[in-house]
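Dear colleague,

I am handing over a structure that you have not worked with before, and below it I set out what was found. Please read the notes with the structure open beside them.

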Amino acid sequence: MAYLLARVENFPRFDGESLTAKPVMGYGQSGKPPHEVHNFSLSSDGFIYGYLPKEGGGDLARLGGHRGATEVSGVTVIFISSGALCGYYRNATVFSIPVRHPDGLMAGESEIYCRVRVAPEDAYLIPADRRDYVMQPKPAGMFPVLYGENGSPWVKWFENLATVSRQNIVNERKRRKWTKAVERSSKSREKALTKYGFKCECCGASYKDHVRAAMFEVHHKVPYSENFEARPLRVSDLAVLCANCHRMIHRMPDLADVKALKDYLVSD
Ligand SMILES: [Zn+2]
Ligand SMILES: [Zn+2]
C-alpha cells in the first residue's frame with residue numbers, strides 16, 4: 001500500500017493573508033477555519049479534493065505508479081498539522097498535475113488546484129480537540145511531503161493510531177448523514193423556527209403566509225471538526241435559511257459560517 005504524508009500548515013497557497021483576500025477564502029486569518037477545512041469539504045461532484053504542498057507529492061513512481069502515469073489510486077494520504085495528525089484519506093487518487101477544483105474555488109486571485117481526490121466515506125478527520133497524536137518518530141528537518149516506504153516507522157505509527165483511536169476519528173460520510181438527519185427532522189424544524197422565526201439568516205427574506213413559509217429550511221451549522229457524536233443538539237447549532245441560501249451554503253467550505261456566505265454574495 002502506498003502512503004503519502006503531507007504537512008498542511010505548509011500549504012504555500014494558504015500561508016499568508018495576501019492569498020486570502022476574498023471572504024470565501026479567508027482561511028488562515030485569525031478566527032477563520034483552518035486549512036484542513038478545505039481538505040474535508042465536499043465538492044459539488046460528490047468528492048473531496050485535497051491540496052498537497054506544491055513542492056511534493058507528484059512523484060507517482062514512488063506511490064507505485066507506472067512510468068508516465070497521470071494518477072495513482074489506492075493511496076493513503078496523511079495530513080499533519082503542527083506536528084500532530086489532523087486527518088487522513090484512504091483509497092485516495094493522487095494526480096501528477098494538479099486538477100482544477102470542480103467548484104472553481106479561489107484563493108484571492110488564484111484558482112485553487114488540487115492534487116488528491118477522495119470519496120467522503122474514505123475521508124477521516126480528527127476533531128480539533130483531539131489533535132494530540134504527535135507524529136512518531138519526529139521527522140528530521142522540514143519536509144513538504146514524505147513518501148511511505150514499506151515498514152517506515154511513521155507508517156507503523158499511523159496504522160497503530162488508526163486502529164486504536166477509531167472512536168476519536170470522524171468519518172466524513174457519517175458526519176454528513178447525521179447532518180442530513182438533523183435538518184430533516186420535524187423536531188429541529190420546530191425548534192429553529194420557534195427561536196429564529198420565518199426569516200432567512202443569510203439574505204433576510206421573511207414571509208409569514210402559509211404558502212411562502214414553505215421556502216424556509218433548517219440548516220445545521222455543523223461545528224467543524226468537533227466530535228459530533230458526543231455533542232447534544234443545541235438550537236444555537238441551527239439556522240433558518242431560505243431554500244436558495246441553504247443550497248448555496250452547502251457548497252461553502254465551512255458549513256457553520258453563515259456570515260461567510262453573506263459576505264461572498266455581496267463580494268461581486
Ligand atoms: Zn436566503
Ligand atoms: Zn444545511
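Does Asp263 count as buried, partly exposed or exposed? At 23% relative accessibility, Asp263 counts as partly exposed, where buried means under 20% relative accessible area, exposed means over 50% and partly exposed lies in between, with a 1.4 Å probe and protein chains only.

Before going further, please note that this is a predicted model, in which local features need pLDDT of at least 70 and side-chain atom pairs count only at pLDDT 80 or more, while totals for chains, interfaces and linings use all residues. Residues are numbered from 1 along each chain as its sequence is written, chains are lettered from A and ligands numbered from 1 in the order in which they are written, and side-chain values use heavy atoms, with hydrogens and water left out.

Salt bridges

Asp263 forms a salt bridge with Lys259, at 2.9 Å from N to O, a salt bridge being a side-chain nitrogen of Lys or Arg within 4 Å of a carboxyl oxygen of Asp or Glu. These two residues are four apart in helix α6 (residues 258-267), so about one helical turn separates Asp263 from Lys259; helices (H or I, at least four residues) and strands (E, at least two) are DSSP runs, numbered from the N terminus. Lys259, for its part, is exposed, with a relative accessible area of 54%.

By this rule there are three salt bridges. In another of them, the side chains of Glu159 and Arg90 meet at 2.8 Å, N to O. Because Glu159 lies in helix α2 (residues 153-164) and Arg90 in strand β4 (residues 84-100), this pair ties together parts that are 69 residues apart in sequence. Glu159 is partly exposed at 22% relative accessible area, whereas Arg90 counts as buried at 18%. There is also a salt bridge between Arg212 and Asp209, whose closest N and O atoms are 3.0 Å apart; Arg212 is partly exposed at 44%, and Asp209 is partly exposed at 29%.

Zinc sites

Cys203 lies in the loop between α4 (186-196) and β11 (216-220) and Cys242 in strand β12 (residues 238-242), so the pair ties together parts that are 39 residues apart in sequence. Cys203 is partly exposed at 47%, while Cys242 is buried at 6%.

The zinc ion (ligand 2) is held at 2.0 Å by Glu183 (OE), His219 (ND1), His246 (NE2) and His250 (NE2) as its protein donors, with the spacing E-x35-H-x26-H-x3-H in sequence. Of these, His246 is buried at 7% relative accessible area, and His250 is partly exposed at 30%.

Strand pairing

Strand β2 (residues 48-50) and strand β7 (residues 113-118) pair in the antiparallel sense over three bridges, two strands being paired if DSSP finds at least two bridges between them. Gly50 has Val116 in β7 as its bridge partner. Strands β4 and β7 pair in the antiparallel sense over four bridges, and Val99 stands opposite Cys114 in β7.

With kind regards

Technical notes
Donors = N, O, S within 2.8 Å, 3.2 Å for Na, K, Ca; no water.
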